[in-house]
Amino acid sequence: YRNIATGDNSTIVGSRNSAIAQAATAMGSSTNADGKRNPKITTTGINATIDSIDGIAVTTTAINWAELKADPTKLLTINGAEVSTEQQVALINSVVYGDNIAAGVASNAVGSQNTASNTVSSALGYNNKATAWASNAIGANNSASGFASNALGMGNSASGDESNAIGAGNT
């Protein structure tokens, strides 16, 4: 099935993975074969355009997910970098199908429905999000959003810089 490696020196292995940034790696498989997954979207600004998709920093001209999904060309940047048409479509499709997404430079997303969206970030297991520089989310349903933070286990959130959340349900 569809694997997309659009970043220079990026690597993909498995089914439905996206390595969008330079030297990024995505391995494993998707979780939503029907393509009906709805991501967490944030908006800011006067025009309230989308600025984050599942923790991935984006610039868009879309005001809601339905609009962006229908027209991926409204996605202008990922993590501040301008994107090609191929990268626009790859990110939107990866989000709706629950693919592993490695969108940060030298990032790694391994397993199923993981997102590593910042430089040297890693998300391993199931539904983990590593969204800050040098952050790691390992296990299931973890979020590492602080600089050099680590969330390991099940349902942990490490949001402070250089913080660690280990075990289950810790912040």
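A pocket is found on a 1 Å grid over the protein atoms alone: it is an open set of points with protein on both sides within 12 Å along at least five of seven lines, and its lining residues have an atom within 4 Å of a point. The model used here is predicted, so local features need pLDDT of at least 70 and side-chain atom pairs count only at pLDDT 80 or more, while totals for chains, interfaces and linings use all residues. Residues are numbered from 1 along each chain as its sequence is written, and side-chain values use heavy atoms, with hydrogens and water left out.

**Exercise 1. Pockets**

Task: Find which residues line the largest pocket, and sort them by type.

Solution: 
- Step 1. The lining has no nonpolar, six polar and three charged residues.
- Step 2. For the largest pocket it is about 180 Å³.
- Step 3. Now turn to the second largest pocket, with about 160 Å³. Of its 15 lining residues, Ala-21, Ile-78, Asn-79, Ala-81 and Ala-103 are the closest to its centre. Its lining divides into seven nonpolar, seven polar and one charged.

**Exercise 2. The largest nonpolar core**

Task: Which members of the largest nonpolar core touch the most other members?

Solution: 
- Step 1. Recall that a nonpolar core is a set of buried Ala, Val, Leu, Ile, Met, Phe, Trp, Tyr and Cys residues joined through side-chain atoms within 4.5 Å. Buried means under 20% relative accessible area, exposed over 50%, and partly exposed in between, with a 1.4 Å probe and protein chains only.
- Step 2. Among the 17 residues of this core, the answer is Ile-53, Val-58, Leu-68, Ile-78 and Leu-91.
- Step 3. Look at the elements, which are DSSP runs numbered from the N terminus: helices (H or I, at least four residues) and strands (E, at least two). Those giving two or more residues are β6 (49-53), β7 (56-60), α1 (65-70), β8 (75-78) and α2 (85-97). The largest share, four residues, comes from α2.
- Step 4. Zoom in on Ile-53. Leaving aside neighbours within four places in sequence, its contacts (heavy atoms within 4.5 Å) include Pro-39, Val-58, Trp-65, Leu-68 and Leu-91.

**Exercise 3. Helix α2**

Task: Check the span of α2, then see what follows this helix.

Solution: 
- Step 1. The expected span of a helix is 1.5 Å times one less than its number of residues.
- Step 2. For the 13 residues of α2 this gives 18 Å, which agrees with its end C-alpha atoms, 18 Å apart.
- Step 3. The buried residues of α2 include Gln-87, Ala-90, Leu-91 and Val-95.
- Step 4. After α2 comes Gly-98, with a positive phi near 70 degrees.

How values were computed: 1 Å grid on protein atoms, 1.4 Å probe; cavity = no way out; pocket = protein on both sides within 12 Å on 5 of 7 lines; lining within 4 Å. Points joined across faces, edges and corners; volume = space filled by probe spheres on them. Nonpolar A, V, L, I, M, F, W, Y, C, P; charged D, E, K, R; others polar.
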